[in-house]
Amino acid sequence: MAVMNSRFMQVALSLLAVSWSGRAVAQQVPLAKNARILLVPRKMITGDRTTLAALDMNGRLTPGVTIAFSNGDHVTTNSTGRGVFVAPLTPGVLYATIQGRPGRIPTLIIPPPADRSDSQAMQGPHFASLSDRFELQGHGFCGDADKNVVQVNGRTAFVLASSSEAMTVLPPEELDAGLAEVSVSCNKNAASWARVTFLSLSLEANNSPLQPGQKRTLTVRIGGTQEKVTLEARNLAPEVADLAGGNPARATSSGGVENLAQFPLTGKQRGNILVSIRLLPGAVRTKL
């Protein structure tokens, strides 16, 4: 058995990716045509500045990507792979699409609350992965992503996308698995806090070539909690193997000290298996 545990959790040749992190890597700048992932805050206030992000399949922030909105507006990501725009003045559901790509991401445009203040009542996911982005919801965030200061156990995290109501964040690389304090402040205002349990995901898999008709199980070991958690697997090479439970498929871990989740596969033809496995965040919670 080969045991693999890395920031990006990607194995070349024959096996698997366990999530992608979205962090820009100091490599060649990704081409705009390779953008596949669009991050848009799930809620924003009319007329407020907002930041979105475009990523390639390896999770790298991608410059020069044009994003089209359902109201006819457009924005192009800058050298950081993010784009700043002003939310429409009309409340309702807005859809965003990577120009030239199928699929669209919905976001809710809401009017400013009557009692609007700079206070930041914040909620975070119950669980987040050490190697993947996570979402925070609240009030009083900065729509310009880089004006937010986000820390996890005192270590600086990177903001991918943000509005005054929601943001998508990468945890710091040096973070250990387990319960952590997350703080957010905007423009040096008082910080708001939430608690999030960060988990490590380690893949245990046989990396020998898969034969047609052969069955194999991908096992993910979860560190940082003994609670049961839910993982989602997406088969990126369905012509090579069938993923039991459909595509995507979900599995709940065993819980306990040996906290494992398993995804059975059946070979269809010789070739490289590529499966992306992501942690589902569970219920949100605030600081207790």
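Guide: Phe-134 counts as buried because its relative accessibility is 5%, where buried means under 20% relative accessible area, exposed over 50% and partly exposed in between, with a 1.4 Å probe and protein chains only. Phe-198 is likewise counted as buried, at 0% relative accessibility. The ring centres of Phe-134 and Phe-198 lie 5.3 Å apart with the planes at 80°, so this pair is edge-to-face; rings of Phe, Tyr and Trp (its six-membered ring) pair if their centres lie within 6.5 Å, and planes under 30 degrees apart count as stacked, over 60 as edge-to-face and the rest as tilted. This pair links distant parts of the chain, since Phe-134 belongs to strand β13 and Phe-198 to strand β19 (residues 192–205), 64 residues apart; strands (E, at least two residues) are DSSP runs, numbered from the N terminus.

The model is a predicted one, in which local features need pLDDT of at least 70 and side-chain atom pairs count only at pLDDT 80 or more, while totals for chains, interfaces and linings use all residues. Residues are numbered from 1 along each chain as its sequence is written, and side-chain values use heavy atoms, with hydrogens and water left out.

A search of the whole structure finds two aromatic pairs. In the pair of Phe-69 and Phe-85, the ring centres are 4.9 Å apart and the planes stand at 40°, so the pair is tilted. Phe-69 sits in strand β6 (residues 66–69) and Phe-85 in strand β8 (residues 82–86), so that distant parts of the chain, 16 residues apart, are linked. Phe-69 is buried at 7% relative accessibility, and Phe-85 is buried with a relative accessible area of 9%.

Terms used. Helices (H or I, at least four residues) and strands (E, at least two) are DSSP runs, numbered from the N terminus.
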